Amino acid sequence: MGILHDDVVIINQSKNEAEPSVITINCPDKTGLGCDLCRILLFFGLTIVRGDGKWCYIVLWVIPKPIIKWDTCSWELLKNRLIGTCPSCSSAFGISYYSSELPSSMVTDVFLIKLFCYDRKGLSHDITTVLCNLELNIKKVKVSTTPVGTVMNLFFVTDTRELLHTKMRQEETYEALVDVMQAAIISCNIEKVGPEVTACSQASPFLSSAITNDVVLCTSNNVSVTMDNSFSPAHTLVQIVCQDHKGLLYDIMRTLKDYNIQISYGRFYIKQGRKCEIDLFITQADGKKIIDPSMQRALSSRLQMELLRPLRVVVVSRGPDTELLVANPVELSSKRRPLVFHDITLALKMLNTCIFLAEIGRHVIGDQEWEVYRVLLDEGASLSTPRRKIEEGVWKLLMGWEQI
């Protein structure tokens, strides 16, 4: 008879803020499903504190991240997004609920939100928060400050709800922006643009040097990855011990997805001191164990690197100017880590540092595609805040560690 949609995702919301809510997912499996589910939870500002799953019966214990200032977590909306990415439900609904999960043959409309306004501290973060709350995925951004104290904000977005072409949805977006910006807003225009605006990637040797040479800010974050083929006749056991950070499970799952690895069973929990232990029973795409030592070394090394530095953060000099660079690897499927620009702008707002220019672009560095956030800091503000403090503050907030 199949699985009823109401039974695919069950959310038991905690009545006590100190206790985690429990999400149960029961659906057919697919390679990369764990990555897709973790990405959705990360987008909703939820942290997984415990997880257990066999084939595709998954139980996750989640809590909202206190640093994310959402009004409330829309549990019904979250449920719809999770259902939409499950293989059993996509065909029944005709289209996935979660726009970033659309088949590659389908083109998601890209819209340009052109916002002209007076400048003030925290402006970029306030705009970004509004767009995130509206479920508008920021694909690219250009922020330019003029000498007379005005700012032109160009946000290239896709709409998770696929409704931004309608007058009602555009009015909702405009009203939400006006509500947070008040008299600072001068004009706002929303128009559809071609997807090629956000699709281009380019090679950049300068960015390669800046990103690959940055210093690891938390050298005590040791990552241990071991593989064993003696525990199971059919699976390779991967055991990971590392420090917790925001999006930890997503970073593990996206790495395994890029290697086309299937997870048959997994268990995740956090011990005291943010120490995490993860056990995963995995197979290759052909259903066999990972026997080849070179393959084991490659996968182990990649996991260690991605968990030690899931993002790269560096502050560099551009002549008299100071520029913040943040980069994170893009999945082979072209999907990316959510809320990065939100967290960057929040960190700078907390550091009392203003943005003069900002851009998001994709660059090919070696054999890896990266999403790179380039933020030129306001000269006066950057001089008042030490470069090292900016670097550490942005890094810690992106990793979900202590507040600035």
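Two strands are said to pair if DSSP finds at least two bridges between them, and helices (H or I, at least four residues) and strands (E, at least two) are DSSP runs, numbered from the N terminus. The model described here is predicted, so local features need pLDDT of at least 70 and side-chain atom pairs count only at pLDDT 80 or more, while totals for chains, interfaces and linings use all residues. Residues are numbered from 1 along each chain as its sequence is written, and side-chain values use heavy atoms, with hydrogens and water left out.

Strand S16 (residues 355–365) and strand S17 (residues 368–377) are antiparallel and share ten bridges, one of which sets Ile365 against Gln368 of S17. S16 also pairs with strand S6 (residues 136–145), again in the antiparallel sense, over three bridges; here Ser144 has Leu357 of S16 as its bridge partner.

Elsewhere, eight antiparallel strands build an open sheet, in the order S1-S2-S4-S3-S12-S13-S11-S10. Strand S1 (9–12) and strand S10 (224–228) stand at the edges with a single partner strand each, so one side of each has no neighbour in the sheet. From one strand to the next, the twist averages 20 degrees; such angles run from 0 to 180 degrees between N-to-C directions, and axes are lines fitted to C-alpha atoms, for helices over the stretch in contact.

Helix H10 (residues 293–308) lies across S10, S11 and S13, at about 155 degrees to S10, while H9 lies across S3, S11, S12 and S13, at about 25 degrees to S13. H9 (residues 248–258) also meets helix H2 (residues 33–43): their axes come within 8 Å and cross at roughly 150 degrees. The two are therefore roughly antiparallel (an angle over 145 degrees). Their contact (heavy atoms within 4.5 Å) involves Gly34, Cys35, Asp36, Cys38, Arg39 and Leu42 of H2, together with Leu249, Tyr250, Met253, Arg254 and Lys257 of H9.

Finally, helix H11 (residues 340–350) is mostly covered, with nine of its eleven residues buried, meaning under 20% relative accessible area with a 1.4 Å probe, protein chains only. Among the buried residues are Phe341, Ile344 and Leu348. Asn352 follows H11 and has a positive phi near 60 degrees.

How values were computed: Angles under 35 degrees count as roughly parallel, over 145 as roughly antiparallel, 65 to 115 as roughly perpendicular and the rest as oblique. Buried means under 20% relative accessible area, exposed over 50%, partly exposed in between (1.4 Å probe, protein chains only).
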